[in-house]
Amino acid sequence: MALTTTLPRSTTASVAARPARKGRGGVPYAFLAPGLLLFTLFLAAPIVYAGYLSLRKVKVSGLGLGSKSRTEVWAGLSNYSRSMTDPDWLPSVYRIIGYGLIVVPVMLGLALLMALLLDANRTRPALSSFARIAIFLPYAVPAVVASLLWGFLYLPRVSPFVYALDKFGITAPELLSSSWVLYAVANVAIWGGTGFNMIVIYTALKSVPTSLYESARIDGASELAIAWRIKIPIVMPSLVMTFVFSLIATLQVFAEPITLKPLSNTISFTWTPLMKVYRDAFVRNDIYSAAATSVVIAVATFILSFGFLKLVGRRAFTQED
Amino acid sequence: MTTIPVVVKKRRTSTTATMLLLLGAAYCLLPVIWVVIASSKSAGELFSTFTLTPSTHLFDNLADLSGYRDGLYWRWMLNTALYAGVGASVSTLVSAMSGYALAKFDFPGKGFVFNVILAGVLVPGVILAIPQYLLLAKIGLTNTYWAVLLPSFISPYGIYLARIFAAAAVPTEILEASRIDGAGDWRTFARVVMPMMRTGLVTVFLFQFVAIWNNFMLPYIMLGNDKLYPLTVGLNGLLNQGANQPSMYTAVVTGALVSIVPLVALFLTLQRYWQVDLAAGGVKA
Amino acid sequence: MSKKIAPVLASLTAAALFLTTACSSSDDSPDSGSTAGNEKVALTYWSWAPNMDKVVEGWNSTHPNIQVTVNKQDGGDPAVTKLLTAIKAGSGAPDVMQAEYQKIPTLVSADALADISKEAGSLKDKFPAAAWNSVTLGGDTVYGVPQDSGPLMFFYRSDVFEKNGLQAPKTWDDYAAAAEKIHKANAKQYLGTFSASDAGLFAGLAQQAGASWWGVNGDSWTVNINDAATQKVAAYWGGLVEKGTIDNKPMYTPEWNAALNDGSQVGWVSAVWAPGVLEGSAKDTKGKWKAAPMPQWDTAAPATGNWGGSATSVTSQSKHPKEAAEFITWMNSDPAALKLLAGTANVYPAANDATSALTTPPAFFSDQSDFYSIAAEAGKQTKPFTYGPNVNVAYSAFNDAFGKAAESKKAAAFTESLATIQKATVDDMKNSGFTVAG
């Protein structure tokens, strides 16, 4: 793999946009075959199977203790109606909306801010590479481990924050109490996600030729104005994509609250929709209801993600050219 | 001179900028610093001394961790490396082939295939885990290395990225030239396309590597034998020992620290590949 | 195919081959299905008790033809989840499984356990009636052999009690008074905490008060989670939390560990296995703890409940149920095995003659020579209690409802929670098709 052809950027850009070449017979299909086969086996089939399961249920007869007392039968849409009318369902949906309203703007705002600051500090490579690595570091920490670490930092008796505030005579709020727990969970996600999004935005910023700013600087524009009028519009497409991926991650929040759950009274088994799926499947052993809720979450994810892209009119997700 | 005020202003902005950057770095490093310090404490100290005071028991803790059930922790580490290494390698190759086909060919059903794969990006792993288990159980593969590896060979996100990279990095002219030279499609792919996509493929590899390294749900469901566990599942087991066992916090904290070391090393050595432009498409080397 | 792709594929194939060999060497060798003659039988055993592999070594060294491999699990709940999924899938279950008593009806209802009455039916007299009842569900079918039990006991910091001029509480009124006195003397100290994440402990406390949350009445189930006895227990603990004389935070958290270790939690209503937990969680307080019988509702009729404890069962997917039954019989009734269980796996064996294996007190309570006689007495006073086929539904509902109640610190919320749990449990049973009376 020693051969690296570095093409002048201008060539890459102009050629890449050209129409793709015509496939000859089965060639593209042959290239796609392994991917499609694996996709079918490990993604499509399980999803179809989940859809099937969501329409089934187990019927027990009598005491349900002998063998053969359990049979699987068609359930129609009863799993769906049961899931959606569960008194815990709507609160978990509202909670996830509130959570998303905290996480997505704060995380992307921080990511954008840090990316702009890195860009502004380009002349100081030591500082900017230290900061870049430090901020990106949490991406290396699995969500389960990250939640555990933050859990230690939240609990009053083992937290250095509480200790430090106490020294100043301030009573720290109990971060896992009902009024704070949403922020406590959101913080773990923000901590873990900011660095990655920052890198995405920073990459977009770096591809902008500096000559573009120079003229603005000569015209006397402040750094803030340059950031606001030139840099942010340039990274807008990247922001849109990070928004979509953050939105998906928000809807799927699971590892953080399930890890923090045993530490507090305030995180219930149905704290987020995906936790409800987990509870039904793994705690209540009712994979049928879990499958029904899964289908609902999957459909909602599609609608939101594609709907958003349609709304902003970007075609990053669709075929280019 | 009229430039003086500009220079002064610039310096002030940049001091603020530096402060803010360092603040951000501190926020991100704090829990990591905490885990380093906590790993140096004995079990008693972990719950009695001030949390940011380091102690001297790091090596004792590492020895204890290594001694846990005849070095099971290191087996978990090897398993994780195997899952992430093999899984990400195969997944990268599969993604490269699919991404290349989607970016550089026109064929009936292309739009459909791409949209279906995109939809796959949106499906959460927790939802897939049970049906995947039930299906793999039908062919008797649960509780084996394959149960974790096979599902990780496919990454819709990897295909999505590979398509972006292929579109940006592989000029159609070169493909035409290669064809005129009489090279077959596979030869072209291996000798021309793959090298051109190299930077992008390393990024795909890293993405998938991190995703598998950090995965919890799939191995948690698939594996019953703790000799096959990856780190995440193993650490979770140390933490949740059931009501009549104390949680092994010292081992968990030390294990958590050790578990992130390889990934951090990977980040530091390969940092130039962590430059992803999701929207415009392309990795700037 | 291109020559350039070949090396890549070759290395992948090599990796795959490596995996195949790795799988077959590390994974349990598949059961051949034949048990005839001298052929070796390999059994897998899922357990979460520590050092269970050392107990099993005692069997493996003397039974070369029936070799058992232990797969350590993450605890009772994950193990059951995995087993049920494997049963649903039709493959993947171990031969032998550690099963908590409260999970046995669930497992039986899912047809996950094999009947071993032929091989183990004669063991009945070697176990306390309550434990034996848990593995037979009151019938003739035997779904496992009892392994350990967890009679409730009370543990307290004798130094703190002495300082406050207190005795170990004989009644729950004594306990409440002691809690108040300790917390008044030092606002940072609590005699205990109400843990909403430990439904098993609360069930044991209700059991002590005379509740039995499920029952079988002819051909239908009864559910009595909201009965008078449980109401009494909920109101009692809710009262203490509302007053603020005990804490409201869950157990088994770093916070709780720290509180035990630094002397903020000075008592623990727990079970016979508590010394192991205290040793790990509260190292610095060694020698300061004492064990006592449970505080009572009625000293004239001393009673206690159970928290934890499990049986060993053969799964319905085992291809060698006979050999598996032989193994679990040995493990839970052979004197040598009982000694190993008590000594290395740190469990309190359920078998009647286990007391002979338990002569010296646990290390963390080395000064208390009567530790195991208190435990034995508690074991005899354990009240009967029936578990239903959806314990997990009730327990998870308990978590959520009592989590809210504990957070609100209102006694009324505690007693109201019971109605929520009762409804969730009955609704779930009816939805599955169980016949439920009332």
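Modeller: pLDDT is the predictor's confidence in each residue, on a scale from 0 to 100. You will need that here, as this is a predicted model.

Biologist: Fine. What does chain C average?

Modeller: Chain C has an average pLDDT of 88, and 91% of its residues score at least 70.

Biologist: And where in chain C does pLDDT stay under 50?

Modeller: Over residues 1-36 of chain C. The model has 38 contacts beyond four places in sequence for that stretch. Where pLDDT is low, the predicted coordinates should not be read in detail.

Biologist: What are the scores for the model?

Modeller: ipTM is 0.86 and pTM is 0.88.

Biologist: On to the interfaces. How many residues of chain A are in contact with chain B?

Modeller: 95 residues of chain A, which meet 88 residues of chain B. Helix α2 (residues 27-53) of chain A gives the largest share of chain A's side, with 17 residues.

Biologist: How does that side divide into nonpolar, polar and charged?

Modeller: On the side of chain A that touches chain B, 69 residues are nonpolar, 20 are polar and six are charged.

Biologist: And how many residues of chain A are in contact with chain C?

Modeller: There, 27 residues of chain A are in contact with 33 residues of chain C. Two elements of chain A, β2 (56-60) and α12 (273-283), each supply at least two residues of the side that touches chain C. That side of chain A has 13 nonpolar residues, nine polar and five charged.

Biologist: Switching to chain B. What is its secondary structure?

Modeller: Chain B has 14 helices and three strands. Of its 285 residues, 57% count as buried. Taking contacts in chain B between residues at least 6 apart in sequence, 71% join residues at least 24 apart.

Biologist: Which domains is chain B divided into?

Modeller: Domain 1 covers 1-30 and domain 2 covers 62-283. Their centres, taken over C-alpha atoms, are separated by 38 Å.

Biologist: Which residues have the most contacts inside the largest nonpolar core?

Modeller: That core has 333 residues, and the ones with the most contacts inside it are A:A115, A:L149, A:I201, B:M197, B:A256 and C:M153.

Biologist: Take B:M197. What does it touch?

Modeller: Not counting residues up to four places away in sequence, B:M197 touches B:A96, B:F165, B:A166, B:A169 and B:V170.

Biologist: Now C:K72. Buried or exposed?

Modeller: C:K72 counts as buried because 22 other C-beta atoms lie within 10 Å, and the cut-off for buried is 20 or more. C:K72 is in strand β2 (residues 66-72) of chain C.

Biologist: What is C:K72 in contact with, leaving aside neighbours within four places in sequence?

Modeller: B:D226, from chain B, along with C:S47 and C:W48. As for C:W132, 60 residues apart from C:K72 along the chain, 25 Å separate the two C-alpha atoms.

Biologist: Which residues of helix α14 of chain C are buried?

Modeller: In α14 (residues 335-343) of chain C, C:A337, C:L338, C:L340, C:L341 and C:A342 are buried. Their cover includes α2 (52-62) and α13 (321-333) of chain C.

How values were computed: Residues are numbered from 1 along each chain as its sequence is written. Chains are lettered from A and ligands numbered from 1 in the order in which they are written. This is a predicted model: local features need pLDDT of at least 70, side-chain atom pairs count only at pLDDT 80 or more; totals for chains, interfaces and linings use all residues. Helices (H or I, at least four residues) and strands (E, at least two) are DSSP runs, numbered from the N terminus. A residue is buried if 20 or more other C-beta atoms lie within 10 Å of its own, exposed if 12 or fewer, and partly exposed in between; C-beta atoms are placed from the backbone. Two residues are in contact if their C-beta atoms, placed from the backbone, lie within 7 Å. Domain bounds come from an automatic or database domain assignment. Ala, Val, Leu, Ile, Met, Phe, Trp, Tyr, Cys and Pro count as nonpolar, Asp, Glu, Lys and Arg as charged, and the others, Gly among them, as polar. A nonpolar core is a set of buried Ala, Val, Leu, Ile, Met, Phe, Trp, Tyr and Cys residues joined through C-beta atoms within 7 Å.
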